[in-house]
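Subject: Structure handover

Hello,

Here is the structure I promised to pass on. My notes follow directly below it.

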Amino acid sequence: MNDVIAEIRKDYIYNLAKRRERVDGRTFDEYRPISVQTGLIDKAEGSARVKIGNTQVMVGVKIQPGDPFPDAPDMGVIITNVELVPLASPSFEPGPPDENAIELARVVDRGVRESGAIDLSTLNLPDGKVWLVFIDVHVLDHDGNLMDAAAIGALAALINAKTPSEKYGYGENESLPIKEHPIAVTAVDIDGEIMLDPSLDEETIASTRLTVISGSQGALSGMQKSGTGTLSSEEICRIVNLATSKAKQIREQFFGDVLRG
Amino acid sequence: MKNKEIVDKNIVIPGDLLSDDPPKSGEGTYVEDGKIYSLIYGIFDDKDKIRVIPLSGKYIPSIGDVVIGLIVDISFSNWKVDISAPYEALMHISEYPRRIDSSEMSKIMRVGDLAIFKVVDVDSSMKIELALKNDQLKVLRTGRIIEVSYSKVPRVIGRAGSMINLLKSTLNINIFVGKNGRIWIDGKESDEDLAVRAIKKIEQEAHTSGLTDRMTKFLEEEKHGIHK
Amino acid sequence: MEFISNGRRIDNRLPEELRPIKFEVGVLERADGSCYVEHGGNKVIAAVYGPRGVHPRHLQEASRAIIRYRYNMASFSVEERRRPGPDRRSVEISKVSREAIDPLIMKEFYPRSTVDIFVEILQADAGTRTAGINAASVALIDAGVPMKGLISACAVGKVDDTVVLDLIKEEDNYGQADMPVAMDVRTGQITLLQMDGHLTIDEFERALELAKRGCALVAEMQREALIQKYQGEEYE
């Protein structure tokens, strides 16, 4: 019953879109208010809570010593998981990660990995072990655009994290060496109009979604098209440009101090 | 300068002791050992019977309720309707005033349509049957729909319709409030926008007193803002 | 290890003292009711959906609602990262927690439906199940589910042969007994009781009395948080 949207509601959103307006009064390239709070979970080595509008995710980073992959003996390991827990939405059911949870996790992971945000070769430990870095995204409230919230949260939690070296006898606790700040920006296509940071209704109505992850030099480290609609290459380029400039703004606003620090 | 409106209504929670006069037990309360207790989170009211007016909760239909329903599916002989209740409601093909064939059903009301219905039966297992109000098909094709908690509907309507009439007269809109918390508004877009904001404000402040006066003031100020 | 010296516990509390507790009501947008609790180092969030339709249909009951409770720990909530998903401990906790709350819900009002309660532990610090029950009870009320009353919970135990209230992690792990209790404070009816360890009957009776006092304190805080949600506001 949650899946059917009233036609007049869809019409309302389409009509507004044609006039370059949105239900909550935002412009097409405007995000809902974003808030990032770090260090809320002491048990985790790093943590961040991100809100984009009413969407809320909690990301915990746990770092533990472990065995490397046999084909990369001196590289640390990153493992990313997303839990779409049922408390976050009437449509989430208990159980192992479904295709949506897995897609979210893999895209966030790609952003962190391909951007070179963490140099895995610096995560090796003296005794042949390496640091295993677990990024666990726990979605608390789904009001659209979980992807960007999860990606920002992962980055903030990684920056907040300190290796638990003292606990395991590897010396002093240290921050992770974060070399890049990948930011994900998601756009949806509603009847040919492109808008960023889709609200829940916009996401449900849109036929297509495109997430673009870019780094501080504007280079792309991840992309994901989602949904059953199609995009022209011109639309894709337009989104890429929109996304990279928006990513720059978000990066400045929330990670500017870290960059300068 | 903010005026602090005192919430002079008593908020109670389940298990709160309300009275030791069992015959006066009304809705939202239960009796145990000669005392009346609250069953829900709500506002204590002892004007007549002792009752608790809910602050939240799900809409449970009663026979006679007029609601706005959303068609979510069509089976061989029923339209399946979401009326914002924990239960799906059905309108049988025979409730349509003209004899029609099963294949014509989606031409009359299709999935995604919103329409006004009357609840004609609710049985003990919560099977809900709907019919058209006054045997008239009223599909809402224009305007906007907003949803509020059913528990706030009495406030949106107001005593003897005072609040809803205030909205109608200040803004030039058509408005229909379903018992299930679905509200339909139709008018000029700027008036619709203001109506939506006004209704959300009523929903937020439903538990306070002096709301009608505050809403009158709010609408005056906002309306003048529009015409600047 | 010495748990009590000069009458004080390792975190400086008296034997009958609760850790600091904070309740926030209505913290989520999508859920019908919700509550966030901080209890000592525990960080717990509970959400309620319902009454709503039951899927798959065969689980529904013709004359009343079913109650479902899912206790889940986030991977990052504990010292060693935990694999996501239910383990045997979570399944047991979900069951006893559901049974702690079920007796007070007016299920007959909602045949053929379910009331779903979800508790997520974001950070664990001993006493997660009782914190979860406290949060769930408030979330149910926030959702407007009709109930006979509040359920309040706390854990008592024994360390250094002394009965203590609200065990901290070290007391839970290395103490002599651990006993979580939940009750309807108004009637004194107990709805959750588990015990793990060693208690004489006399110690048990004292522990139960202490638990009742602890639950009564929790009930006041739960009630206060619910009232404050609507009375702490200014309107212009």
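C:Asp166 sits in the loop between strand E9 (162-165) and helix H3 (169-174) of chain C. Its phi is near 65°, a positive value in a residue other than glycine. Buried or exposed? C:Asp166 is buried, because 27 other C-beta atoms lie within 10 Å and the cut-off for burial is 20 or more.

Keep in mind that this is a predicted model.

B:Ala160 also has a positive phi without being glycine; the value is near 50°. This residue belongs to the loop between helix H2 (153-157) and helix H3 (162-170) of chain B. B:Ala160 has 8 other C-beta atoms within 10 Å, so it is exposed. The cut-off for that class is 12 or fewer.

Two cis peptide bonds in chain C are worth a look. One joins C:Gly50 and C:Pro51, with omega about 0°. C:Pro51 is part of strand E5 (residues 42-53) of chain C. The other runs from C:His55 to C:Pro56, with omega near 0°. C:Pro56 falls in the loop between E5 and strand E6 (66-73) of chain C.

C:Leu14 is another loop residue, placed between strand E2 (8-9) and strand E3 (21-25) of chain C. It counts as exposed because it has 11 C-beta neighbours inside 10 Å. Setting aside neighbours within four places in sequence, C:Leu14 is in contact with C:Gly7 and C:Arg8. From C:Leu14 to C:Leu192 the separation is 178 residues in sequence and 25 Å in space, C-alpha to C-alpha.

Chain A

Chain A holds six helices and nine strands. Its radius of gyration is 19 Å, close to the 18 Å that the globule rule gives for 261 residues, so chain A is as compact as a globular protein of that length. Along the principal axes, its C-alpha atoms fill a box of roughly 65 × 40 × 35 Å. Of the 261 residues, 46% are buried. Take the contacts in chain A with a separation of 6 or more: 67% are between residues 24 or more positions apart.

Confidence for chain A: the mean pLDDT is 93, and 98% of the residues reach 70 or more. Among its elements, helix H6 (residues 233-260) has the lowest mean pLDDT, at 89. E5(A) has the highest, at 98.

Chain B

Chain B has five helices and 14 strands. The box filled by its C-alpha atoms is roughly 60 × 55 × 25 Å along the principal axes. Buried residues are 38% of the 228 in this chain. Residues 24 or more positions apart make up 54% of the chain B contacts with a separation of 6 or more.

Contacts with chain C

Chain A and chain C meet through 27 residues from chain A and 26 residues from chain C. On the chain A side, strand E3 (55-66), strand E4 (77-83) and strand E5 (130-141) give two or more residues each. E5(A) gives the most, with five residues. This side has 12 nonpolar, eight polar and seven charged residues.

Chain B puts 27 residues into its contact with chain C, and chain C puts in 28 residues. The chain B side divides into 13 nonpolar, seven polar and seven charged.

Cores

Which residues have the most contacts inside the largest nonpolar core? They are A:Ala150, A:Ala154, C:Ala46, C:Ala135 and C:Val156, in a core of 151 residues. Helix H3 (residues 146-160) of chain A provides the largest share, 12 residues. Not counting residues up to four places away in sequence, A:Ala150 touches A:Val57, A:Val82, A:Leu104, A:Val108 and A:Val137. Another core, of 45 residues, lies apart from this one; B:Trp79, B:Ile128, B:Val148 and B:Ala206 are among them. In soluble globular proteins, nonpolar side chains tend to be buried together.

Best wishes

Key: Residues are numbered from 1 along each chain as its sequence is written. Chains are lettered from A and ligands numbered from 1 in the order in which they are written. This is a predicted model: local features need pLDDT of at least 70, side-chain atom pairs count only at pLDDT 80 or more; totals for chains, interfaces and linings use all residues. Two residues are in contact if their C-beta atoms, placed from the backbone, lie within 7 Å. Helices (H or I, at least four residues) and strands (E, at least two) are DSSP runs, numbered from the N terminus. Ala, Val, Leu, Ile, Met, Phe, Trp, Tyr, Cys and Pro count as nonpolar, Asp, Glu, Lys and Arg as charged, and the others, Gly among them, as polar. The radius of gyration is taken over C-alpha atoms; the globule rule is 2.2 Å times the number of residues to the power 0.38. A nonpolar core is a set of buried Ala, Val, Leu, Ile, Met, Phe, Trp, Tyr and Cys residues joined through C-beta atoms within 7 Å. pLDDT is the predictor's confidence in each residue, from 0 to 100.
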